[in-house]
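Please walk me through this chain, from its overall layout down to a few single residues.

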Amino acid sequence: MDRLLSIAIIGGGFSGISTVMHLIENASFPLAIYIVEKQSELCKGIAYARKSDYHPLNVRAGKMGVLAKDP
């Protein structure tokens, strides 16, 4: 029986979730991925947890994305 590789990601903000996406996309064997986040919601890091609807970007929104092939 093959062993399952377990990976813990500390932080469920943009960087943590992006890391999970890249691990899943590039995995060639089964993974058990655990996300450790102290907040009750994922993806609410500093950049996205603000109360303001205005977020200046340094990249056009149409070119943004976690996966290079899918902006």
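A residue is called buried when its relative accessible area is under 20%, exposed when over 50%, and partly exposed in between, using a 1.4 Å probe and protein chains only. By that scale, buried residues make up 15% of the 71 residues in the chain. The model is a predicted one, in which local features need pLDDT of at least 70 and side-chain atom pairs count only at pLDDT 80 or more, while totals for chains, interfaces and linings use all residues. Residues are numbered from 1 along each chain as its sequence is written, and side-chain values use heavy atoms, with hydrogens and water left out.

The chain contains one helix and two strands. Helices (H or I, at least four residues) and strands (E, at least two) are DSSP runs, numbered from the N terminus. Along the sequence, the elements follow the pattern β-α-β. The accessible surface of the chain is about 6300 Å², with 57% of this belonging to carbon and sulfur atoms; such areas come from the Shrake-Rupley method with a 1.4 Å probe, and for residues only the protein chains shown count as cover.

Next come the strands. E1 and E2 pair in the parallel sense over six bridges, where pairing requires that DSSP finds at least two bridges between two strands. Between them the chain crosses from E1 through H1 to E2, and this β-α-β crossover is right-handed. That term applies if, with the strands pointing away from the viewer, the path from the first strand over the helix to the second runs clockwise.

Helix H1 covers residues 14-26. How far apart should the ends of H1 be? At 1.5 Å a residue, its 13 residues should span 18 Å, and the end C-alpha atoms are 18 Å apart, which agrees. The expected span is 1.5 Å times one less than the number of residues. Gly16, Ile17, Ser18 and Val20 are buried in H1. The buried residues of H1 pack against strand E1 (5-10) and strand E2 (31-36), with contact meaning heavy atoms within 4.5 Å.

Ser18 counts as buried because its relative accessible area is 10%. Its side chain reaches the backbone oxygen of Phe14 at 2.7 Å.

Met21 also lies in helix H1, but this residue counts as partly exposed because its relative accessibility is 34%. Setting aside neighbours within four places in sequence, Met21 is in contact with Val66 and Leu67. Met21 and Leu67 are 46 residues apart along the chain, yet their C-alpha atoms are separated by 8.1 Å.

On the strand side, Ile35 is found in E2, and Ile9 stands opposite Ile35. Ile35 is partly exposed, because its relative accessibility is 33%. Not counting residues up to four places away in sequence, Ile35 touches Ile9, Gly11, Gly12, Ile17, Val20 and Leu42.

Over the chain, 68% of contacts between residues at least 6 apart in sequence join residues at least 24 apart.

Methods. Polar contact = N/O pair within 3.5 Å; in protein donor to acceptor, adjacent residues only side chain to side chain.
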